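Grab the viewer and let's work through a few exercises on cavities and aromatic rings. Try each task before you read its solution.

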Amino acid sequence: MDNQKLNAKPCSSYSFYGMLLIFAFLASFADAAIHFHEFVIEAKPVKRLCRTHSTITVNGQFPGPTLEVRDGDTLVINAINKARYNVTLHWHGVRQLRNPWADGPEYVTQCPIRPGQSYTYQFTIQNQEGTLWWHAHSRWLRATVYGALIIYPKLGSPYPFPMPKREIPILLGEWWDRNPMDVLRLALFTGAAPNISDAFTINGQPGDLYRCSRKETAIFPVEAGETILLRIINSAMNQELFFGVANHKLTVVEIDSAYNKPFSTNVIMIAPGQTTNVLLTADQPPARYYMAAHAYNTANAAFDNTTTTAILEYKSAPCSARKGQSLKPIFPQLPGFNDTATATAFTAQLKSLYKPKVPIEIDESFFFTVGLGLINCTNPNSPRCQGPNGTRFAASINNISFVPPRSTSLMQAYYQGRPGIFTTDFPPVPPIQFDYTGNVSRGLWQPVKATKLLKLKFGSNVQIVFQDTSIVTVEDHPMHLHGYQFFVVGSGFGNFNPRTDPAKFNLVDPPQRNTIGTPPGGWVAIRFVADNPGIWLLHCHIDTHLPWGLATPLLVENGFGILQTVQPPPLDLPQC
C-alpha cells in the first residue's frame, strides 16, 4: 500500500476552527497524516436471505467503510446520526491514550449521539500497527454498524514477515432475518435469551449455503503461487468461530494488532472482538476453494449451527464442464461445534514475536468470577419472567451485575466530580468462595445489580484472573478491556489454584491481546500496567451478556503531569 492510497480517502466537512486546533496540536509530527471522514449513520434497504430490511448502516455500506492509516496518524471522524436510535462508535483495540472521550461505549465514556445530532471522534494512533476494527457500542446496533481499521507500519518500516502480494480484510459477521434491535428489545422485556441469528456472513454476505445468497457470495481472485494476507475480524455478535480455507495452510502472524511468533495451522478459532492476521500461499492445484466459518459453541444453549462461505478462486482455475457454470468449490474440514481441544491447541500456540516487558512484581491482584446468573421473580408466571423456571437472565463479575447510568456518562460524572452516579468499591474477589466450576448452590445464582467501578493507581502493575463458573452453564467468555493491551500469562481448566498455577505462567513471551476468552469451565490470567488514565470498560464481548451485566469499568487515576492526566473533553461531547 502506498502513501498516495492513504492520502486519497474521502474527506468530510469540518470547521475551520477545528482544523486549526488539529494542525496546531500535530504540527511537530512531520511524517504523520490526518484522515478526515464523515460517517453518516442511517437506515438503508439491505437484502439478505430473500428479504429486504431497513438496516442501520454507515454511509449506506454494510459492512461499513474500511479505515486505513499508519502508526502515528490521526483520525478525525464526524459521526452524524440520521438513524432513529441513539448511537456511539467504538474504535476497538485503539489505546486512546489519555483520551477516553473518543472511546465510545455509551454511558461509560460518553452519552449517546441522539438522532439528528453529531459528534466528532478525534484520536491518534500511537505505537500500534496491525488489524483492528470499529463498531457501534450502543445496544445491538453493532450487528450491522462495523468495519475494519487497518494500521500500517510507519513509512520505511517493513512487516516482520514476508511482504504479501495483496491484503484482504475478512469480516466475519452475524445476520438476523429481522431487526436486531427488536430481537434485543424482546429479550430484555421477557428476561429470556434472545433469538439466535439466522446466518453468519463473510464481508456481509452469507454465502452459497443459504437461500437467495449464492449470486452475492464473496469471491477473492488469486494468482497461483502468490502469498496473500487475510486480515480476519470476528465482528459477530455472540459467537466464537472456527475459520479455515480448503486445502490451504494458514500462517498466523498477528493477533489483536500485536505480532506473534508465526505458526502454521489448518484452522483458527476467533472470538467476538478478536482479530487474526494469516498468510496464505496459493500453492494448491488451480481451482476454487471455500473459505468457511462456523460456530465454536461452549455453552449449554441454543446456537446458530449454519456455515458461512466465501470463495478463494485461482485465476487459472479450469472452467466447469458445463457451459456457463463455475467449477464447484472444494470445502474445508472445520472442527466440530464443541471441539474445545482444537480451540485450546490453537490458542496455546500464540506467543509474542518480541520479548515484551511483562509486569513481574504485581501491585494489584484481582480474582474475577465471570458468568451468568438468574434473577428470581416474585411472579414467575409474568410475561417478563420467561427465563429458566420463571426467572430473568443476568450476568456478573464477582456477583456484581453492572448497571450503567442514564443521566450522564461515568466519565463525565468523574471528570466533573458529580457525586451519586457510581461507587468505587468493586470487590477484588468473589464475596463468597465456592467450587466455581462444580455443582453450584442455587443460592449463589442471583447477582446484585449495581454501578461499581474498580479504582487503580496510575502506573500500578495489575494482574486479573478471570474464572468461568458453571452457574447456568460454563462458557468461553471473551473478555475485552478498552484502552489497553494486556499480556495473557496463563490459562487452564477447572478452578484457578493461586498456590500452584502461577508457577506455570509464561512471563517470557506471552501473547498480547485486547480480548481473551475464558476456557469453558476454566480460567485465564492477564497482566498489564495501568498507564492510561480514565474510565475503561471491561466486559464480555458476547453482546447478549453485556446488557445482562457482564461488565465493570476500571477507573485509572491520573498520575503526575499532563502526560499522565486525562485530556479535557471536546466541546461537542454529547449530553444525556
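**Exercise 1.** Which residues line the largest cavity? Sort them by class as well.

*Solution.* Keep in mind that this is a predicted model. Start with the count: there is 1 cavity of 30 Å³ or more, and the volume of the largest cavity is about 30 Å³. Next, pick out its lining, which consists of G130, I151, Y159, F161, L229, R231, E254, Y259 and N277.

**Exercise 2.** Work out what kind of aromatic pair F496 and W523 form, and why the pair ties together parts that are apart in sequence.

*Solution.* The model has 28 aromatic pairs. For F496 and W523, the ring centres are 4.9 Å apart and the planes make an angle of 70°. Planes over 60 degrees apart count as edge-to-face, so this pair is edge-to-face. Then place the partners: F496 sits in the loop between strand 27 (486–493) and strand 28 (512–513), while W523 belongs to strand 30 (residues 522–529), so the pair links parts 27 residues apart in sequence. Finally, check accessibility: both F496 and W523 are buried.

Definitions and conventions. Residues numbered from 1 in each chain as written. Predicted model: local features only at pLDDT ≥ 70, side-chain atom pairs only at ≥ 80, totals over all residues. Heavy atoms only, no water. 1 Å grid on protein atoms, 1.4 Å probe; cavity = no way out; pocket = protein on both sides within 12 Å on 5 of 7 lines; lining within 4 Å. Points joined across faces, edges and corners; volume = space filled by probe spheres on them. Nonpolar A, V, L, I, M, F, W, Y, C, P; charged D, E, K, R; others polar. Phe/Tyr/Trp six-rings, centres within 6.5 Å; stacked < 30°, edge-to-face > 60°. Helix = DSSP H or I, 4+ residues; strand = E, 2+ residues; numbered from the N terminus. Buried < 20%, exposed > 50% of the residue type's maximum accessible area, 1.4 Å probe, protein only.
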